[in-house]
Amino acid sequence: MVELKGLPGFRDFYPEELAARSYLMGVWRDVARRYGFEEYDGPPLEALELYTRKSGEEIVQQLYEFEDKGGRRVALRPEMTPSLARMVGVRAAALRKPVRWFSTPQLFRYERKQRGRLREHFQLNLDILGEEDVLADADLLAAAIDIMRATGLDSTQVRARVSDRRVLAAIFLHIGVPETKLESVYEVVDKLDREPRDRLEARLAELGLEPDAIAGVFDATELRGIEELRARFGDVPSVAERVAELATYLEHLENLGVVEFVDVDLSVVRGLAYYTGIVFELWDAGRKLRAICGGGRYDDLLGLIAGIDMPAIGFGMGDVVLTELLRDHGLLPEPGRALDCFVCWLGADGRRQALRAARAIRALGLSAIFEFRDRRLGNQLKSADQLGARRAVIVGPQEIEASQARIRDMSTGEERVVPFDELGPTLAAELGDG
Ligand code: HAM
């Protein structure tokens, strides 16, 4: 026998789990459509080099990579953004800007297994390319927050933590962090929640930061809210200029009706190396789970991957954490009664008639199944009940004799008889969606 459990970190989607996944995909698609995004997809396998360029250390360590039979170094996609940059790069001149695209790929990362982190997940990606105005950043976050609302989550249950790498850069440069060290400092800040402070201080010291600058980095990450930022750095023009843009972003979020979800929190920098501006993450309010969603501005990635100058923003929202959160709050819908009709038959004549009935019902777009073997009517009705059928259709000897079919409403038990050729239209009128 083979190992029945499957690989660690990979999921089997039994029907009830697939129902939850399909529900979420439906919400994602619906909100993406409302915000005017078009769907695309790319290949699950890409050249390794696509990720080693700019995704950053952490994700590269987690790659499922190998050499294919043609000797190419390839990797299963760990994220969608590099594929998107590549695809947009190919058609950049022809595409109408701004490009608003979404996708729901399955992604693969060799992660240490922990709650909310698996080795595969589905991730909604919403990206806007070719627009540098901060209003696009605001519209993107509004879409992420509207997805929360569409599932029934409110601002007491989910928080959006927003920050801006340009604000952080201006502060860090002001307190004496050398420009060449900025990226390494972001990497350290990204680990604030996960590693002890003294280890992070040591890392900053290794980068050559003076003790004052190290303290300044930690102080900056403790800033919350635009007022605190203004009070602390309002008189430093290079910082104030960036803070003003962040304030405009918040004003747009207010007008888009989502600001109640938003906290300015400078400890957020995001782990991926390509972010250049406003960044954000959605979290469960108690921060008991991992991030639900993360994204931001990455204005240089298309240059690095496709050699073109095109600003871009986007986010990725995984299915794992969000599904857990919805389950915790009792917000996953009950799978509905999926079966319309169970056709019961008795004897060979009944079977012939049952198959014709099923054929007519299916042709009308309703679902119908029947027993494969001759069984007692009582047992057939029991199966119909267990399967959640809305109606049972019965064709036994008496019904055949009279060219009729009996319809039983499975929720009330009421029965009536209709002429055989009216069966389909009758069921369609009762069960069809209008
Ligand atoms: P990310 O922060 O690596 O960003 O992933 C985004 C989200 O995907 C996370 O917040 C989480 O919900 C989910 N996720 C990531 N890794 C796992 C995992 N191992 N298991 C379960 N869920 C996971 C990106 O991937 C960026 N490419 C997003 C982006 C799009 N930025 C711009 N456009």
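Helices (H or I, at least four residues) and strands (E, at least two) are DSSP runs, and I number them from the N terminus. I am reading a predicted model, in which local features need pLDDT of at least 70 and side-chain atom pairs count only at pLDDT 80 or more, while totals for chains, interfaces and linings use all residues. Residues are numbered from 1 along each chain as its sequence is written, and side-chain values use heavy atoms, with hydrogens and water left out.

**Entry 1: helix 5**

I began with the end of helix 5 and noted that G152, just after this helix, takes a positive phi of about 100 degrees. At the N-terminal end I found D133 as the cap, with a side-chain oxygen 2.9 Å from the backbone nitrogen of L135. I then checked the length of helix 5 (residues 134-151): its 18 residues should span 26 Å at 1.5 Å a residue, and the end C-alpha atoms are 27 Å apart, which agrees. The expected span here is 1.5 Å times one less than the number of residues. Helix 5 is largely enclosed by the rest of the structure, because 14 of its 18 residues are buried.

**Entry 2: the ligand and its shell**

Which residues come nearest to the ligand? I listed E79, T81, E111, R270 and Y275, out of 25 residues around the ligand, where a residue is near a molecule or strand if one of its heavy atoms lies within 4 Å of it. By class, I counted 10 nonpolar, 9 polar and 6 charged residues in this shell; Ala, Val, Leu, Ile, Met, Phe, Trp, Tyr, Cys and Pro count as nonpolar, Asp, Glu, Lys and Arg as charged, and the others, Gly among them, as polar.

For polar contacts I take a pair of N or O atoms within 3.5 Å; within protein, one must be able to donate a hydrogen and the other to accept it, and residues adjacent in sequence count only if both atoms are side-chain atoms. A polar side-chain atom of T81 lies 2.7 Å from a nitrogen atom of the ligand, and an N or O atom in the side chain of Y275 is 2.7 Å from a ligand nitrogen. R270 places a polar side-chain atom 2.6 Å from an oxygen atom of the ligand. Taken alone the ligand exposes 660 Å², and the protein buries 96% of that, by the Shrake-Rupley method with a 1.4 Å probe, in which only the protein chains shown count as cover for residues.

**Entry 3: the strands of the shell**

I next looked up strand 7 (120-129), strand 11 (293-297) and strand 12 (312-318), each of which supplies at least two residues of the shell around the ligand. Two strands pair if DSSP finds at least two bridges between them. Strand 7 and strand 12 pair in the antiparallel sense over 7 bridges, and L126 stands opposite F315 in strand 12. Strand 11 is also antiparallel to strand 12, with 5 bridges, and here C293 stands opposite M317. Is strand 12 enclosed or exposed? I found 7 of its 7 residues buried, so strand 12 is largely enclosed by the rest of the structure. A312, G314, G316 and G318 cover one side and I313, F315 and M317 the other, and all of these are buried.

I returned to R270, which is found in the loop between strand 9 (262-264) and strand 10 (278-284). Its phi is near 75 degrees, a positive value in a residue other than glycine, and R270 is buried, with a relative accessible area of 13%. D265 lies in the loop between strand 9 and strand 10 and counts as buried at 5% relative accessibility; its side chain makes a polar contact with the side chain of R224 (3.1 Å). R287, in the loop between strand 10 and strand 11, has a positive phi near 50 degrees and is partly exposed, with a relative accessible area of 36%. I also noted a cis peptide bond between K97 and P98, with omega about -5 degrees; P98 lies in the loop between helix 4 (81-91) and strand 5 (99-103).

Technical notes: Buried < 20%, exposed > 50% of the residue type's maximum accessible area, 1.4 Å probe, protein only.
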